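Subject: Handover of a structure and findings

Dear colleague,

Please find the structure below, followed by an account of what was found in it.

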Amino acid sequence: MADPTQHLVHQWQQSLQQVTQRLHGLPTWQRSGRLVRATGMVLEAVGLRLPVGASCAIQVVSQVAEHVEAEVVGFAGDVTYLMPLETVHGLVPGAQVLPLGDGLHSSRRFPLGDALLGRVLDGSGRPLDHLPLPHTVDYGSLAGRTINPMQRAPIDTPIDVGIRAINGLLSVGRGQRMGLFAGSGVGKSVLLGMMARFTQADVIVVGLIGERGREVQEFIDSILGAEGMARAVVVAAPADASPLQRLQGAAYATRLAEDFRDRGRHVLLIMDSLTRYAMAQREIALAIGEPPATKGYPPSVFAKIPALVERTGNGVRGGGSITAFYTVLTEGDDQQDPIADATRAILDGHIVLSRQLAESGHYPAIDVEASISRVMPAVTSLGHQQQAQRLKKLFSVYQRNRDLISVGAYSPGHDPLLDQAVQKYPQVEAYLQQGMQEQATIAMAQQRLTELVGGSA
């Protein structure tokens, strides 16, 4: 006779299996919120408990897509502030808002690695060149690894950027962060393209942030060229992209450079422009209610810039490096613009492009008197530094007396330094000018500098 206890246990097991199967067949539910307000760029949702930076999908009524992706940019009480990554069409009151990932710890993954060389991507890591991403591409988050400042390698090696005026008078070191201060239409894009083609670097990462859309193709085809593009990754977030995309594009370009540096590569990072990055952060901060401070810029802008810039530079000793050039737009050529003033304080030097020189046909329009490289003493010899100072002095003396010379009030024999400046000015001017396709190595720049002012480098 069968044991009644075993029969009862068997029935319980069968019932448990049936319940388990029914539970597996039920749809998977996740917590969602709903949209309660949409004003300008910021959307407000309730019913969500997500950290700042988490990603969401908002339901829309549109023929293009059923959902649009957004990011949490702030909160107040039970209200969560969201900002979409793209232009939104078809929003309705009470639209469902779903967290992406696992909600509280959602983190978007971005393509990284050598498989991206030669590619053009947007601020979210999606291809803009209509080609699929390779299967060998790696993925990671935007958060980079913080390097202990005591473990960073010192800047003690010069890097050849191919520009005679920079190699000779404003020498750049590997791992340096330089600012390119310029107004509109003074040749900064051409100068960046020359650096991208001529600089001795393993990898080039270009971030085109907030610039005109037509400049993306122009920079790739006409300025960067096929040779430069072969070792480059371009991240483009043009002016018509959302402020969040522009902000994310700058962070993504920096993250790409960090990844190559961690692989032991020497990277050239070109970001055009840091001002547009600051403007994107200003738009977001003002939209969520942060009060403006300096000339309409909220305090968070001046906290974001050093956080981005400090991620570049040299890695640990014996590892890779990121030499970075950031363009800074100066409104009306005003060098006291708050963004220009803030970036000048945290960068390792600045190159100022002069509108007056550009209008006179002097290219590259580098104002050597207003420019400085703070690491030049660490990467050049004492003789080279003395030669550079002598040439700058000759140029400065001539510029201060230019009006007297022009009206014929100058007479030789009264000031030996001015006499020498007048005599050598045509050669000095030729030294500072360079054709777009002309490359001037460090050795060539030093040789011509020695011929011009004498001494030994």
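On the surface, Leu8, Val9 and Trp12 form a nonpolar patch whose accessible area together is about 300 Å². Patches consist of residues with over 30% relative accessible area and no salt bridge, like charges being joined within 9 Å and nonpolar side chains (Val, Leu, Ile, Met, Phe, Trp, Tyr) within 5 Å; accessible areas come from the Shrake-Rupley method with a 1.4 Å probe, and for residues only the protein chains shown count as cover. Val9 has its place in helix H1 (residues 4-25); helices (H or I, at least four residues) and strands (E, at least two) are DSSP runs, numbered from the N terminus. Val9 is partly exposed because its relative accessible area is 36% (buried means under 20%, exposed over 50%, partly exposed in between, with a 1.4 Å probe and protein chains only).

The model is predicted: local features need pLDDT of at least 70 and side-chain atom pairs count only at pLDDT 80 or more, while totals for chains, interfaces and linings use all residues. Residues are numbered from 1 along each chain as its sequence is written, and side-chain values use heavy atoms, with hydrogens and water left out.

The structure holds 16 salt bridges, each defined as a side-chain nitrogen of Lys or Arg within 4 Å of a carboxyl oxygen of Asp or Glu. One of them joins the side chains of Glu86 and Arg126 (2.8 Å, N to O). This pair links distant parts of the chain, 40 residues apart: Glu86 lies in the loop between strand S5 (79-84) and strand S6 (96-99), and Arg126 in the loop between strand S8 (120-121) and strand S9 (138-140). Glu86 is partly exposed, at 40% relative accessible area, and Arg126 is partly exposed at 36%. Glu86, Asp122 and Arg126 are linked in a network of salt bridges.

A further salt bridge brings together the side chains of Arg119 and Asp129 (2.7 Å, N to O). Here Arg119 is buried, with a relative accessible area of 8%, whereas Asp129 is partly exposed at 22%. Glu215 also forms a salt bridge with Arg212, their closest N and O atoms being 2.5 Å apart. In that pair, Glu215 counts as buried at 15% relative accessibility, while Arg212 is partly exposed at 47%.

Finally, Ser62 is placed in the loop between strand S3 (55-59) and strand S4 (67-76). The C-alpha atoms of Ser62 and Leu404 are separated by 69 Å, the two residues being 342 residues apart along the chain.

Yours sincerely
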